[in-house]
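Dear colleague,

Please find the structure below, handed over for your study.

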2 protein chains.
Amino acid sequence: MTEPVEPKLPHAIALAWGLAEPPQRGPKRELSLDAIIDAAIAIADAEGIGALSMSRVASSLGFTTMSLYRYVTSKDDLLQLMQNSAARVVVPPLDEAQGWREALREWFDALVGAYRKHPWTLDIPVSGVPMMPTALVIVDWAMRAMRDLPLDPGEKIEVLLLLTSYARATAQLERDLTRAGENATMGAESTAALTEVVSEEAFPYLFPLIRDGVYAGGDPADFEYETDMLFGLERILDGIESYTSR
Amino acid sequence: MTEPVEPKLPHAIALAWGLAEPPQRGPKRELSLDAIIDAAIAIADAEGIGALSMSRVASSLGFTTMSLYRYVTSKDDLLQLMQNSAARVVVPPLDEAQGWREALREWFDALVGAYRKHPWTLDIPVSGVPMMPTALVIVDWAMRAMRDLPLDPGEKIEVLLLLTSYARATAQLERDLTRAGENATMGAESTAALTEVVSEEAFPYLFPLIRDGVYAGGDPADFEYETDMLFGLERILDGIESYTSR
DNA sequence: TACACAGTGTGTATGACGCACACAGTGCTG
DNA sequence: CAGCACTGTGTGCGTCATACACACTGTGTA
C-alpha cells in the first residue's frame with residue numbers, strides 16, 4: 001500500500017494537477033484525458049456549452065458515452081478540466097523594469113483574452129476558491145505584478161478579487177453586446193421597447209441614459225472595447241495608487 | 001385588434017413589467033404568477049437552485065407540472081422572474097446632504113444584502129444587458145448616487161459595471177467560504193493538500209500566501225467580511241475620486 | 001338565451017440527459 | 001498459466017423540460 005497521495009483533493013483537481021499514475025494492469029487505454037478535454041472544448045467553442053453532452057463528446061471521438069467515465073467521474077468534473085485547460089495563459093518572463101500598473105494591465109489583458117477565446121468559460125458556474133493549476137498560475141502572475149506594492153497579503157488578494165471579477169464582467173458584457181448585435185432578440189428592437197416602459201417619473205436618473213441610447217442603447221459597435229473596457233481597470237489602478245501613496 | 005403592446009420584449013421581461021392584461025374569457029385562474037414565483041423562490045432558498053424543477057414547484061402548490069406553463073413560457077422564464085423578484089431592494093429616500101461615497105456604499109450594501117438573502121441568484125446565468133424592473137431600479141439608484149459626479153454617462157455606466165461585478169464577486173466568495181466552513185469537501189483538508197502541490201519553485205509569488213494560510217487558508221472565519229469585503233469597494237471609490245479630481 | 005370560443009388545469013407522451021451497473025475481453029504480474 | 005486490475009460497451013433507470021390533445025368553464029355576442 002503506497003502513501004495516500006494527496007489528502008482528499010476533489011477528483012478533477014487531482015487530475016488537473018496530474019496526480020494520477022496511469023494504471024499498470026489491464027488493456028491499453030485507447031482514449032486519453034487530454035483527448036476528451038480537447039474534444040469537449042472543440043464542441044463548446046463551436047456551439048456553446050448548451051450543446052455539450054457526454055454522449056456528444058463521446059461520439060465525436062468515436063466512443064461510447066460511458067467510456068468517458070473511465071477518465072472523468074462526472075460531467076461537472078469535465079467542465080472543471082475544460083475550464084482549466086481553456087484558461088491557460090502564457091506568463092511572460094519577469095521584466096524587472098516594468099511598473100506594477102503596466103504589469104497588471106498586461107495580466108488583465110491576458111485574462112480577458114482567454115475569455116474572448118473561449119466565451120463559454122463564462123457559463124461555467126464558479127465553484128469555490130480556485131484550486132486548479134491554471135487558476136493558480138494566474139494568481140501567481142498577479143502576485144508577481146504586485147510584488148513591489150506596499151500592500152499586505154490580504155489586501156493583495158482583495159485587489160486580485162477586484163480585478164478578476166471586473167475582467168469577467170467586462171468579458172461577459174462584451175459577449176452579450178456582440179450577441180445582441182447579431183441576434184434579433186435583445187437587439188435594438190427590445191431596447192426600443194425599454195423607452196416605453198421606463199418612465200421619467202419612475203426612473204428619473206436612468207431615463208436620460210436610455211433616451212439618449214447610452215444604456216443598452218443604439219449600436220453595440222459604439223462600445224469602444226479597447227477604451228471603454230479599460231476605463232474601469234484604470235480606475236481600479238488609480239484606487240490602488242491613491243491608497244498606497246496615502 | 002388592439003395596439004401591439006410592446007414591440008417584441010422577451011416574454012419574462014414583459015411579464016415582469018406587468019404588461020399582461022389578464023384574459024377575459026375562460027375559467028377563473030386558480031394560480032397566479034406571483035404565487036408560482038414565490039413558491040419557486042421558497043424552494044431555491046431552502047435547497048438551492050439545483051433542487052428546483054418545474055414539477056417540484058408545481059407540486060408544492062398542489063398543481064400539475066404543466067399548469068405552470070399557462071403562466072410562464074419556460075423554466076428559464078421563471079428563473080428570470082425569480083431573480084427579478086429576489087433582487088428587489090428598497091431605495092431609501094433621496095438625502096441631498098449625503099455625499100456620493102456614502103451613497104454608493106449604501107447602494108453596495110443593499111446589493112450584497114440581496115445576494116446574502118437569496119444566494120441562489122448567484123447561480124442564475126446572467127443573460128444580456130439587464131432589462132428587468134428590479135435591475136433598472138438598482139441602476140437608477142446608482143445613477144442617483146452618482147448624480148453630482150463629474151463623469152460622463154458612459155463613464156458612469158463603467159463605474160456601475162465595476163461596482164456590480166465586485167458586489168457579485170464578493171457575495172460569491174463569501175458564500176463559498178461559508179460553505180467551505182460547513183462542508184468537509186473543499187475545507188481545510190483540501191486546502192492542506194494545496195501546499196503539497198504548489199511548490200515554491202513553480203509558484204514563487206503565490207507560495208508564501210498558501211504557506212501562511214492567507215490564500216484559501218485556515219479558518220474561513222478569519223475573513224472579516226465587513227472589513228475585508230469593503231477594502232475593494234473603498235479602492236474603487238478612491239479610484240473614482242482620484243479620477244474626478246484630476 | 002344559446003353558443004362559440006378563448007382560456008383553464010390535466011394526463012400522457014417524447015426525447016434528452018447523466019450516470020449506475022453488469023459484462024466480456026485484455027494484458028501485466030506473480 | 002492463473003488471477004485480476006482495468007478496459008470499452010450495452011442496457012437500463014430516474015429525472016427533467018416541454019409538446020400536445022383533452023374536457024371543462026365562463027364570458028361576450030348573435
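Helices (H or I, at least four residues) and strands (E, at least two) are DSSP runs, numbered from the N terminus. The model is a predicted one: local features need pLDDT of at least 70, side-chain atom pairs count only at pLDDT 80 or more, and totals for chains, interfaces and linings use all residues. Residues are numbered from 1 along each chain as its sequence is written, while chains are lettered from A and ligands numbered from 1 in the order in which they are written.

I begin with a single residue. Pro153(B) belongs to helix α7 of chain B, which covers residues 153–182. A residue is buried if 20 or more other C-beta atoms, placed from the backbone, lie within 10 Å of its own, exposed if 12 or fewer, and partly exposed in between. Pro153(B) is partly exposed because it has 15 C-beta neighbours inside 10 Å. Its C-alpha atom lies 9.1 Å from that of Met143(B), a residue 10 positions away along the chain. Two residues are in contact if their C-beta atoms, placed from the backbone, lie within 7 Å. Apart from neighbours within four places in sequence, Pro153(B) is in contact with Leu209(A) and Val214(A).

Next comes chain A as a whole. Chain A contains 10 helices and 0 strands. Its radius of gyration is 22 Å, well over the 18 Å that the globule rule gives for 246 residues, so chain A is more spread out than a compact globule. Here the radius is taken over C-alpha atoms, and the rule is 2.2 Å times the number of residues to the power 0.38. Along the principal axes, the C-alpha atoms of chain A fill a box of roughly 70 × 50 × 30 Å. Of its 246 residues, 37% count as buried.

Chain A is divided into domain 1 (11–86) and domain 2 (100–182), with bounds that come from an automatic or database domain assignment. The centres of these two domains, taken over C-alpha atoms, are separated by 25 Å. Their contact takes 12 residues from domain 1 of chain A and 10 residues from domain 2 of chain A.

How are the two chains related?

The contact between the chains takes 61 residues from chain A and 61 residues from chain B. On the side of chain A that touches chain B, the largest share, 16 residues, comes from α7(A). By class, this side has 36 nonpolar, 10 polar and 15 charged residues. Ala, Val, Leu, Ile, Met, Phe, Trp, Tyr, Cys and Pro count as nonpolar, Asp, Glu, Lys and Arg as charged, and the others, Gly among them, as polar.

Finally, there is the DNA. A residue is near a strand if its C-beta atom, placed from the backbone, lies within 6 Å of it. Around DNA strand C there are 24 residues, of which Ser53(A), Met54(A), Pro23(B), Gly26(B) and Met66(B) come nearest. Of the 24 residues around DNA strand D, those that come nearest are Pro23(A), Gly26(A), Met66(A), Ser53(B) and Met54(B).

Yours sincerely
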